[in-house]
Amino acid sequence: MLTSLQNPLVKEIRKLHQGRERQKQGRLLLEGTNLIEAAIAKGFSFQTVLFTAAWQTKYPALASQLKGDRQTLVSEEVLQKVATTVNPDGIVATLDQALISQTPPQTLQLGVAVERLQDPGNLGTIIRTATATAVDGLLLSPDSVNPSNPKVLRASVGAWFQTTPVVISTFAEQLQRYRAQGVQIVATLPQATKTYWDVDWRQPSLILLGNEGAGLSPAIASLANETVQIPMGPGVESLNVAIACALMLYEARRQRDHQTLP
C-alpha cells in the first residue's frame, strides 16, 4: 500500500490539478466511482488508478474490471492528497485524452452548441441532459470552459463518456456547415417573438446557447435561422443556461416521441 505523501506518483497526479498540466500531458483526471464506471463501460484502459482498501471492499466487482498500466492501493491520506474534492469517494484515475474522439458528428438530428460557456457545473449539467435526451453532438467554442476540467467531469456524473463535448476551433464555420445541410439552428434571444414550443423540433435541429451573463455574440447569433425566447414571470431577467437547454431538449423529445406539432 502506498502511504507516503512525498511519493513521486503522488506528486505526478497532483500536477494534474492544473489545467495547463493536463493539457501538456494529454491526460484526464477522473475522480469518483461514477466516472470510473462510465469509463469502464466504454472499454477504456486507464494509465494509473489509485484506490483505497475501503473502496475496493465496497466495489469488488468494479475493482476486478479495472484495466490500466498501474493500479495502486493507497492510504486514505494519499487519496485525499491526489483528489481535487474535499470528500473523495476512494478512487482517482488518469486516462489518455487521445482515446477520446475530438471530431464533431458529420450529420445531426439533435445537437447543442455552446458559445463562451464558463461555469463547469453548467457544462456538466448540459452533458447529463444531452445524454438523457439522446443528443447526437455537443459542441463548444474554444473560449468556453475546458471540457476536461475535473469539475465538468464530476458534474456530468458519468454522462461525459456518453456525450463527450467537442471543442470546435472553427465554431462559426461548423455551424454554417450544419445549416447548409438543412439543420435548423435555434438560438435563445430575449427579443425573439417565438417561444421555444412554437418551433417544429421534429426536423434536424441544433440548439445554440451563449455565455451565462452576456449570452450569444452577435456574430454567432446571426447564424441562427430560428430565434426563440423562454417565457418568464415579471422581474425575472433570465434562466440558468443549463435549465434553458433542458427545457428545449425535452420539448424536442416530446415532439419527436409523440410526433406532435408545436
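Which residues lie nearest the centre of the largest pocket? They are Thr-188, Leu-189, Pro-190, Ser-238 and Leu-239, part of a lining of 20 residues. The model is predicted. The points below cover the pocket, the nonpolar cores and the aromatic pairs.

**Pocket**
- The volume of the largest pocket is about 520 Å³.
- Its lining consists of 11 nonpolar, 7 polar and 2 charged residues.

- In soluble globular proteins, nonpolar side chains tend to be buried together.
- The largest nonpolar core holds 51 residues, and the members that touch the most others are Leu-30, Phe-46, Leu-66, Val-112 and Phe-161.
- Helix H11, spanning residues 241-258, supplies the largest share of this core, with 7 residues.
- Another core, of 19 residues, lies apart from the largest one; Ala-113, Leu-139, Val-166 and Phe-171 are among its members.
- Leaving aside residues up to four places away in sequence, Leu-66 is in contact with Ile-36, Ile-40, Phe-46, Val-49, Phe-51, Trp-55, Gln-71 and Ile-91.

**Aromatic pairs**
- A pair of aromatic rings is described by the distance of the centres and the angle of the planes.
- The count of aromatic pairs comes to 5.
- One of these is the edge-to-face pair of Trp-160 and Phe-161, with 5.2 Å centre to centre and 75° between the planes.
- Both Trp-160 and Phe-161 are buried.
- Phe-44, Trp-160 and Phe-161 are linked by ring pairs into a cluster.

Methods. Residues numbered from 1 in each chain as written. Predicted model: local features only at pLDDT ≥ 70, side-chain atom pairs only at ≥ 80, totals over all residues. Heavy atoms only, no water. Core = buried A, V, L, I, M, F, W, Y, C linked by side-chain atoms within 4.5 Å. Buried < 20%, exposed > 50% of the residue type's maximum accessible area, 1.4 Å probe, protein only. Helix = DSSP H or I, 4+ residues; strand = E, 2+ residues; numbered from the N terminus. Contact = heavy atoms within 4.5 Å. Phe/Tyr/Trp six-rings, centres within 6.5 Å; stacked < 30°, edge-to-face > 60°. 1 Å grid on protein atoms, 1.4 Å probe; cavity = no way out; pocket = protein on both sides within 12 Å on 5 of 7 lines; lining within 4 Å. Points joined across faces, edges and corners; volume = space filled by probe spheres on them. Nonpolar A, V, L, I, M, F, W, Y, C, P; charged D, E, K, R; others polar.
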